[in-house]
Amino acid sequence: MKRNKYQIEDWGLKVKKSNAGLGLFATEDIPKGVCLIEYVGRVLEKGEEYISRSKYLFEINSRITIDGQDRKNIARYINHSCKPNCEVEIKNKRVFIFSKKKIKKGEELCYDYGKEYFNEHIKKGGCKCVSCKK
């Protein structure tokens, strides 16, 4: 039987301190191409994203934005990187995070937040990702 690509396996991910505050880390080696976690939260009503003070907004499309600020959504701790080890896939209005390459035990999970977010929120203070710190 073929495995569902979007089936999330328990990789025992852990929130710990990182260069950018808190981050999400692998507690074991993770192979390339697996579904690690889903970014979850309250779906905002149209226009609500403009008045929200949340730092955890994930835009699905021009009509749907997820507010992932609830601490139960540990995917919110995945930080930006200019050289990410994860990537985002949106399927049926849901946000899944996949390993883009093999991730070693203890390594921080990260994905590229995109040009718009980077320019609006990260560029001002300087990127704190591991690849930019070197």
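**Close-up views of a predicted model**

**View 1. The cysteine C35 is buried, with a relative accessible area of 1%.** Buried here stands for under 20% relative accessible area, exposed for over 50%, and partly exposed for what lies in between, using a 1.4 Å probe and protein chains only. A search of the whole structure finds zero disulfides, a disulfide being a pair of cysteine sulfur atoms within 2.5 Å. The cysteine sulfur closest to that of C35 belongs to C86 and is 10 Å away, which is too far for a bond. C86 is in no disulfide either, since its nearest cysteine sulfur, that of C110, is 6.3 Å away, and C86 counts as buried at 2% relative accessibility. In this predicted model, local features need pLDDT of at least 70 and side-chain atom pairs count only at pLDDT 80 or more, whereas totals for chains, interfaces and linings use all residues. Residues are numbered from 1 along each chain as its sequence is written, and side-chain values use heavy atoms, with hydrogens and water left out.

**View 2. The largest nonpolar core has 22 residues, among which I30, L36, I37, I78 and L109 touch the most other members.** Such a core is a set of buried Ala, Val, Leu, Ile, Met, Phe, Trp, Tyr and Cys residues joined through side-chain atoms within 4.5 Å. Both β3 (35–39) and β9 supply at least two residues of this core, and the largest share, three residues, comes from β3. Strands (E, at least two residues) are DSSP runs numbered from the N terminus. If neighbours within four places in sequence are left aside, L36 is in contact (heavy atoms within 4.5 Å) with residues including I8, W11, C86, I97 and L109.

**View 3. Strands β8 and β9 form a hairpin with two residues between them.** The two strands run antiparallel and are joined by six bridges, with I90 standing opposite V95 in β9. In the loop between β8 (86–91) and β9 (94–99) lies N92, which has a positive phi of about 50° although it is not a glycine. K93 lies in that loop between β8 and β9, and its phi, near 65°, is a positive value in a residue other than glycine. N92 counts as exposed at 65% relative accessibility, and K93 counts as exposed at 54%.

**View 4. An open sheet of three strands has the order β4-β6-β5, with antiparallel pairing.** Two strands pair if DSSP finds at least two bridges between them. The edge strands, each pairing on one side only, are β4 (42–44) and β5 (57–59). Three bridges join β5 to β6 (residues 65–67), and D67 in β6 is the bridge partner of L57.

**View 5. The structure holds five aromatic pairs.** Rings of Phe, Tyr and Trp (its six-membered ring) pair if their centres lie within 6.5 Å, and planes under 30 degrees apart count as stacked, over 60 as edge-to-face and the rest as tilted. One of these pairs is Y6 with F96, tilted, at 5.0 Å centre to centre and 50° between the planes. Y6 lies in the segment before β1 (14–18) and F96 in strand β9, so this pair ties together parts that are 90 residues apart in sequence. Y39 and F58 form another tilted pair, at 5.2 Å centre to centre and 45° between the planes. Because Y39 lies in strand β3 and F58 in strand β5, the pair ties together parts that are 19 residues apart in sequence.

Note on methods:
Helix = DSSP H or I, 4+ residues; strand = E, 2+ residues; numbered from the N terminus.
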